[in-house]
Amino acid sequence: MTVGIDKIGFYTPQQYLDLIDLAHARQVNPNKYLIGIGQQQMAVADLDQDIVAMAANAAEEILTTADRQEIGLLIVATESGVDQSKAAALFVQELLHINNNIRALEIKEACYGATAGLQFAYDFVSLHPNQKALVIAADIARYGLQTAGEVTQGAGAVAMLVSQKPHILALEKESIYQSQNAGDFWRPNYSQQALARGKYSEELYLQMFTQIYQQADSLISKESLAALLFHIPFSKMGRKALQTLKTKISDVDYQRLLSRFEKSIIYGQTVGNIYTGSLYLSLLSLLENDDSLQDNERIALFSYGSGAVAELFFGHLQPHYRDYLNVTEHRQLLDERQRLSVAEYEAIFKKQLVTDGSCQLISPVRAAQHYLKKVDQHERFYQ
């Protein structure tokens, strides 16, 4: 049986900050951001677009009425959860009018969570071939104003419908993965901003990629890779990982992977870091921006989540996969965003939801089908 990604959807808030503007405000050379980390813009989420709203908006574009009845598993992967107990997937299930005969849960393991969800979905569909699984990666990356990580913020969600006989990417059964307890990045329950040892995190990312790539030699060599995708908190990180292969593979192979890498970072460079969704935004960017890819070609995906868990897995592009992409809609989504001033971005960043149980009404800032409309008695209510 062939199982994999049948449809893929994407959503990001309809406002962004240009990193040149941020560089000027922080009195640094813009090339530190544009070249040094390889980013251009970052999406900015207002209070109405939390991870639940973004997750629902990302999935809404890909689900038919039949899909909503055939889904048997719904997973939301996030490290920006809205509740310590109740899964974000339950809010999403209601917003999307998905049938009640499903398992709905939330997965957390830093930026690796969506890959765990995708692998669980693969197993679920393999055992229940007449059902589908919906995996949504939704996150808001926050590091604080005028911090070292400020420039690697972002917000967005990627939704993937997993089924048998998928139309986009058939996943392979075998993958290579490893885990280790590491203090490279974390966010305590009492903090709204993440804490990180940036240099160490980069070193660990590259170390785990190198080790896993070596372990996967037999899987990699059995068929030429058309592309190698990475978890990209910022594009320079993926570029560094790819550069570790420059002396290990032929120049022809390296140049092919490099060319495809450039296509895979187009969306991420303008959206920013979306944690669990970053690898899958990279996949979407490649599929929608690279006209040279061919049906049935094989790609590899490297997933990394601080703390740390990493995995290298593989898939084959399906015949006529381009017919199942929403290229026009996604480009329009990005093109129609409003550019914020630094002052506007900082004002949004400082907004807070009430925590005392009082009622707070929230008006949508930009047009979106789903949004957080109210918090009352510590409970969230969505439209």
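A cavity, as I use the word here, is a set of grid points where a 1.4 Å probe fits but cannot get out, and its lining residues are those with an atom within 4 Å of a point. I am working from a predicted model throughout.

I began with the second largest cavity, which is lined by Ile232, Ser264, Ile265, Gly268, Gly272, Ile274, Ser278, Leu281 and Ser282. I put its space down as about 50 Å³, and I noted that helix α12 (residues 278-289) supplies the largest share of its lining, 3 residues. When I sorted this lining by class, I got 4 nonpolar, 5 polar and no charged residues.

I then turned to the largest cavity, which holds about 60 Å³ of space. Around it I listed Tyr11, Pro13, Gln14, Gln15, Ala45, Asp46, Asp48, Gln49, Val365, Arg366 and Ala368, a lining that divides into 5 nonpolar, 3 polar and 3 charged residues. My count of cavities of 30 Å³ or more came to 2.

Next I looked up the second largest pocket, for which I have about 760 Å³ of space. I found 33 residues in its lining, with Ala148, Gly149, Thr152, Gly198 and Phe234 lying nearest the centre. The elements giving two or more residues to this lining are α2 (31-34), β11 (195-196), α7 and α9, and of the elements α7 gives the most, with 5 residues. By class I wrote down 17 nonpolar, 9 polar and 7 charged residues for the lining of this pocket.

Having met α9 in the pocket lining, I asked which residues of helix α9 (residues 235-243) are buried. They are Ser235, Met237, Gly238, Arg239, Ala241 and Leu242. I then traced what these buried residues pack against, and the list reads α7 (198-215), β12 (227-230), α10 (251-264) and α11 (266-271).

How many disulfides does a search of the whole structure find? My search returned 0.

Is Ala66 buried, partly exposed or exposed? I placed Ala66 in helix α4 (residues 65-70), and its relative accessible area is 41%, so Ala66 is partly exposed. Last, I took the separation of the C-alpha atoms of Ala66 and Asp323, which is 19 Å for two residues 257 residues apart along the chain.

Conventions. Residues numbered from 1 in each chain as written. Predicted model: local features only at pLDDT ≥ 70, side-chain atom pairs only at ≥ 80, totals over all residues. Heavy atoms only, no water. 1 Å grid on protein atoms, 1.4 Å probe; cavity = no way out; pocket = protein on both sides within 12 Å on 5 of 7 lines; lining within 4 Å. Points joined across faces, edges and corners; volume = space filled by probe spheres on them. Nonpolar A, V, L, I, M, F, W, Y, C, P; charged D, E, K, R; others polar. Helix = DSSP H or I, 4+ residues; strand = E, 2+ residues; numbered from the N terminus. Buried < 20%, exposed > 50% of the residue type's maximum accessible area, 1.4 Å probe, protein only. Contact = heavy atoms within 4.5 Å. Disulfide = S-S within 2.5 Å.
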